[in-house]
Structure formats: structure tokens, C-alpha cells
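Here's a quick tour of a fold, written for someone who would rather look at contacts than at a summary. Keep the viewer open as you read.

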Amino acid sequence: VIKCRAAVAWAVGKPLSVEEVEVAPPKAGEVRIKIVATGICRTDEHLLEGCFPSADFPVIPGHEGAGIVESVGEGVTSVKPGDKVIPLCAPQCGECSFCLNPESNHCLMSHLSEPQNLLPDKTSRFTCKGKKIHHFLWVSTFAEYTVIPEYAVAKIDAAAPLDKVCLLGCGFSTGYGAAINTAKVKPGSTCAVFGLGGVGLSAVMGCKAAGASRIIAIDINKDKFAKARELGATDCINPQDFKKPIEEVITEMTGHGVDYSFEVIGRADTMNAALASCNMNTGVCVMIGELPSGSVVSIDPMLLLSGRTWKGTLVGGWRLRDSMPKLVSSYLEKKFNLDLLITHTMPIAKVNEGFELLRAGK
């Protein structure tokens, strides 16, 4: 058993508490990882607000991390102690009907089908003050050590800087992949990205990499525009600067709406605006932002009856265990610049300040 620090969420709506926790050794098919770096993602905020489906408290959040294998359980063959790895919030068991479908990147082991709040044997590897602590998406990267099933771990290049590639665990992969894999943005096309946080900026990068000729970036925080332009946005607009709905503004800017739109905020009104801002017949709108579990979005059915496509994306459409090593290699080959997404670097003791920065849009 390893004793280490972790940021524990004891109850909904309460700040995280940095505690000493005990981390049990890995059982068969499991890997214990020393987490070196983790991003703070809006999904962790949804968890703290009690909006995440099938999550239980107390829990150790965090799902966007990178680390080094400390030990492995019986039967583990894909990684060994000392390997650099990225934990995967979307597992890939390789055996279920979804994993066997080459067009699918869902796995029946993921939280959309089964809760990932305990390990597959329905027990926890975390205890604190004598209490069982739940896992989050099996990864719980807000702990200095964590235990994860082997099929939710990807070995990566030993040269990778863990404090940068941790963002591939969720945010970057989701936004970038939404453009490349889910929308399949075509060269010369027009795109609109609603929301310029880390995931939205990654969607901008994906649109640029796919060869889009015009990328319209939309946010009510104009402080984000300089970075969006640096990453490939051609136009930056603030909906508060206009008296008419933003979808009308975008339609006027482009003639008939954009070819592809991306909602990266997680609000019903912006989902409607993103859908309405793409071409009424061939436009594709990808929903990336998360609404609280159980929410309902009302749309005018004519928006879809004319031919538009409205779709969701699961971590950018990547089969993460297969794709993660390639994404890390692409980063090392400078095919995209993750470093620009990092605004602050803080110790785990300041995790609550990190969430304050997230909430403030900073």
C-alpha cells in the first residue's frame, strides 16, 4: 500500500480537500501509476456540481493526466514499471461488440454503459481516514498514485513531456478529434467554433489541420481571441456585440451558414445557435459541450428536416488505446502545439485555485 496525497471531493458542492490517502496495490489486470501531471477539465467541475451521471462521493476527481507505471498486477503485458503512460477516461477493452466494430470508439466498459466509480471488480483501491473513496472514470488523476484497469492505459513515447501530453487525456483529443474524426472537416470548408476554452481551441486547431479556409471563433470573453487567432481562427466574434441572434450573424458572414459548427460550451441556447448557424442542407453540427445529466434541449425540427446533421462526439472519436501513442508522436513531431493551451502550472495543493481560474474563464 502506498500513502500519498490526493484531492478528495467529500460531497457535492464542497471544495476539494487535499488529504493523505492509501492506494492499494494493483490486482490482476490492473496498473498502478504515479501521476506526474494532470489538467483540470470542465468535466471535473460537472462532477463537483453533482451533474455527472453515475458518480459517487466521496471521490477523487481528475481524468486528464499522465504518469509513470509504478507496478502492475498479474497478467498485465502491455505496460511495465517505468513506462510513461496516459490513463484513458474512455477505455478500450478490445472484446465487446463496440470495440470489435472498427467504426465505433465507444466501449461497453465506459461510464455510458457501466459506472466507472469503482474498478471492474466493484471495489476501490483508495481509502482515506478509514473510508472507501470512489474512483472517477477509473482514472482519478488528482491523486499522486492511482490504480487503473490495463485496458484504460496507453503506453507512450519515453521522450514525451508529461506536463504537456497530459492534455491529450481528454481536452485536446476531444476538440481536435471532433473536427478531424467526427465532423471530418474538408479542405476549403468553413467552420464555426462556439466556446474558446481548452477544448474549443483544440477544435480550432483540428479545423485548421483539416484545411478549413475560414474558422469563425465565438466567445463572450474577448481575452480568448488572440490565442484563437494564433491557433488558426480567421474571424473572432462576441455575440454580445450584436443586436441579432449570433446564428443570423454567422449566416450573413458566410452566405448560407458554415459547413461545420462545433458547440464547446454545454448550454442549450448555444447548441441551438450552433445547429442553426450551419448550412441548412449539408451542414454538420457537432455537440462537444456537456449539459448536466438529464437535461433536455428543445429544437425546431425544421432545422434537421432540411438535411442538417447534428451529432455528438465521444473523446473526439478516437479509439484512445490505439490512437494515444500516435497523438503523442504527432505532438513530438510538432504537428500541433499543445503548449499554447497551458495557461497556469500549479501544485496539487492549489487545486481549488485552479478551479477558480477555470470558473473565471482564465
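Predicted model: local features only at pLDDT ≥ 70, side-chain atom pairs only at ≥ 80, totals over all residues.

What follows goes through a sheet, a helix pair, a loop residue and some salt bridges.

Let's begin with the open sheet: 5 strands, antiparallel in their pairing, in the order E8-E3-E4-E5-E9. At the edges stand E8 (145–149) and E9 (153–155), each with a single partner strand, so one side of each has no neighbour in the sheet. On average, and ignoring direction, neighbouring strands are turned by 45° against each other.

E5 (residues 84–87) is joined to E9 by 3 bridges, and the two run antiparallel. Here Ile86 stands opposite Ala154 in E9. Helix H9 (residues 320–332) lies across both E5 and E9, and runs at about 40° to E9.

**The H3–H4 pair**

How do H3 and H4 cross, and at roughly what angle? The axes of H3 (residues 171–182) and H4 (residues 198–209) come within 7 Å and cross at roughly 40°, and the crossing is right-handed. On the H3 side, the contact is made by Gly171, Phe172, Thr174, Gly175, Tyr176, Ala179 and Ile180. H4 brings Val199, Ser202, Ala203, Met205, Gly206, Cys207 and Ala209. Sort these contact residues by type and you get 9 nonpolar, 5 polar and no charged.

**Glu64**

Is Glu64 buried or exposed? It's buried, at a relative accessible area of 4%; the cut-off for buried is under 20%. Glu64 sits in the loop between helix H1 (42–48) and strand E4 (65–72). Leaving out residues up to four places away in sequence, Glu64 touches Ala37, Thr38, Gly39, Ile40, Cys41, Thr141, Cys166, Leu167, Gly169, Cys170 and Gly171. Gly171, one of these neighbours, also takes part in the H3 side of the helix contact.

**Salt bridges**

Side chains of opposite charge can pair when their charged atoms come close. A search of the whole structure turns up 16 salt bridges.

| Pair | N to O distance |
|---|---|
| Arg5 and Glu144 | 3.0 Å |
| Asp83 and Lys155 | 3.9 Å |
| Lys164 and Asp163 | 3.2 Å |

In the salt bridge between Arg5 and Glu144, Arg5 lies in strand E1 (residues 2–8) and Glu144 in the loop between strand E7 (131–133) and E8, so the pair ties together parts that are 139 residues apart in sequence. Both ends are partly exposed: Arg5 has 39% relative accessibility, and Glu144 has 26%.

Asp83 counts as buried at 8% relative accessibility, whereas Lys155 is partly exposed at 40%.

As for the remaining pair in the table, Lys164 is partly exposed at 21% relative accessibility, and Asp163 is partly exposed too, at 43%. Finally, have a look at Lys27, Glu30, Asp121 and Arg125, which are linked in a network of salt bridges.

Technical notes: Residues numbered from 1 in each chain as written. Heavy atoms only, no water. Axes fitted to C-alpha atoms, helices over the stretch in contact; angles between N-to-C directions. Helix = DSSP H or I, 4+ residues; strand = E, 2+ residues; numbered from the N terminus. Left-handed = near helix turned anticlockwise from the far one by under 90°. Contact = heavy atoms within 4.5 Å. Nonpolar A, V, L, I, M, F, W, Y, C, P; charged D, E, K, R; others polar. Pairing = 2+ DSSP bridges. Buried < 20%, exposed > 50% of the residue type's maximum accessible area, 1.4 Å probe, protein only. Salt bridge = Lys/Arg side-chain N within 4 Å of Asp/Glu carboxyl O.
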